[in-house]
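Q: Could you take me through how to read features of a model such as this one, giving the general idea before each case?

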Amino acid sequence: MNEALAFAFERVVPGLNVGLWASIGIIVPAALLGVVIGVTAGTLRVYGGVWPRRITNCYVSLFRGTPLVVQLYFWYFALPYVSLGGVSLILSPVQAAIIGFALCSGAYQSEYIRGGLLSIKRGQLLAAQALGITPLNCILSIVLPQAFRRALPGCGNEIIYLIKYSSLASIITVNELTGVGRGIAKATFQNTEVYVIVGLYYLALVTVAGQLLRLVENRLSIPGFEVKNS
């Protein structure tokens with residue numbers, strides 16, 4: 001027992017702490033970008049013109065219809081071979097991971113935003129326009145805040161998924177939690193111990209993120225209506 005604890009705290013935990021910060025460095029910007037992309041795409045799919053709707057629908061279909069692993073491979077391995085006007089774009093592993101996760105997450109979150117927008121009664125738009133509020137201001141200040149409240153649980157769930165999906169960054173050579181854990185397991189042959197600890201790290205990340213999301217839900221809840229946490 002003492003040997004197992006010594007192995008965990010002397011060999012595994014220090015390395016995984018480095019991988020933890022690498023994972024957070026991917027998850028946080030990807031989650032924020034994913035929310036921005038999701039809100040933008042979801043709004044355009046409901047209130048945009050013909051071409052914005054077509055473009056955003058194609059974007060959502062593409063990123064929801066292809067495996068995330070394939071998308072990561074494209075951004076890191078294939079994109080450098082795509083030449084636009086003689087210029088090739090080469091991304092670092094971290095940049096490719098953030099872009100891949102953000103675009104994929106944004107596609108899914110746009111569905112939650114779209115559903116939230118469609119749930120708002122059209123009478124609110126008509127009433128706002130009757131008061132002289134422009135359609136754009138009505139969408140931004142009246143409809144979208146209500147829709148975001150309704151979509152927040154779904155968007156939060158997608159962020160939880162993103163935390164777990166971040167383990168795929170190791171396939172494009174990012175030394176995040178899973179990548180570091182794999183390296184330690186190969187070096188020590190202590191696969192069971194290492195991957196159990198890796199799993200606990202992800203469990204802790206998901207738990208903390210879940211609590212933060214509940215705080216956001218409570219903060220954005222309509223006064224007089226209590227948000228019940230299961």
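Reading the features

Q: How is Tyr 73 classed by its relative accessible area?
A: Tyr 73 is partly exposed, with a relative accessible area of 38%, where partly exposed is the class between buried (under 20%) and exposed (over 50%), computed with a 1.4 Å probe on protein chains only. The model is predicted, so local features need pLDDT of at least 70 and side-chain atom pairs count only at pLDDT 80 or more, whereas totals for chains, interfaces and linings use all residues. Residues are numbered from 1 along each chain as its sequence is written, and side-chain values use heavy atoms, with hydrogens and water left out.

Q: How many aromatic pairs are there, and how are Tyr 73 and Phe 77 arranged?
A: Rings of Phe, Tyr and Trp (its six-membered ring) pair if their centres lie within 6.5 Å, and planes under 30 degrees apart count as stacked, over 60 as edge-to-face and the rest as tilted. The count by this rule is five aromatic pairs. Tyr 73 and Phe 77 make a tilted pair, 5.6 Å centre to centre, with 50° between the planes.

Q: Where do Tyr 73 and Phe 77 lie, and which class of accessibility does Phe 77 have?
A: Helices are DSSP runs (H or I, at least four residues), numbered from the N terminus. Both residues lie in helix α3 (residues 68-78), four residues apart, which is about one turn of the helix. Phe 77 is partly exposed at 41% relative accessibility. Phe 74 and Trp 75 form an edge-to-face aromatic pair, 5.3 Å centre to centre and with 75° between the planes. Within this pair, Phe 74 is partly exposed at 35%, whereas Trp 75 counts as buried at 16%. One aromatic cluster is formed by Tyr 73, Tyr 76 and Phe 77.

Q: What sits over the ring of Trp 51?
A: A charge sits over a ring if NZ of Lys or CZ of Arg is within 6 Å of the ring centre and within 35 degrees of the ring normal. Here the charged end of Arg 54 sits over the ring of Trp 51, 4.9 Å from its centre.

Q: Is Ser 110 buried or exposed, and which residues is it in contact with?
A: Contact means heavy atoms within 4.5 Å. Ser 110, in helix α4 (residues 93-118), counts as buried at 0% relative accessibility. Leaving aside neighbours within four places in sequence, Ser 110 is in contact with Gly 38, Ala 41, Gly 42, Arg 45 and Val 60.

Q: Which residues is Ile 24 in contact with, leaving aside neighbours within four places in sequence?
A: Ile 24, also placed in helix α1, is partly exposed at 26%. Its contacts, with those neighbours left aside, are Pro 29 and Leu 205. The C-alpha atoms of Ile 24 and Leu 205 are separated by 9.0 Å, although the two residues are 181 residues apart along the chain.

Q: At what angle do the axes of helix α6 and helix α8 cross?
A: Axes are lines fitted to C-alpha atoms, for helices over the stretch in contact, and angles run from 0 to 180 degrees between N-to-C directions. The axes of helix α6 (residues 135-165) and helix α8 (residues 191-220) come within 10 Å and cross at roughly 170°. Therefore α6 is roughly antiparallel to α8, since angles over 145 degrees count as roughly antiparallel.

Terms used: Helix = DSSP H or I, 4+ residues; strand = E, 2+ residues; numbered from the N terminus. Parallel < 35°, antiparallel > 145°, perpendicular 65-115°, else oblique.
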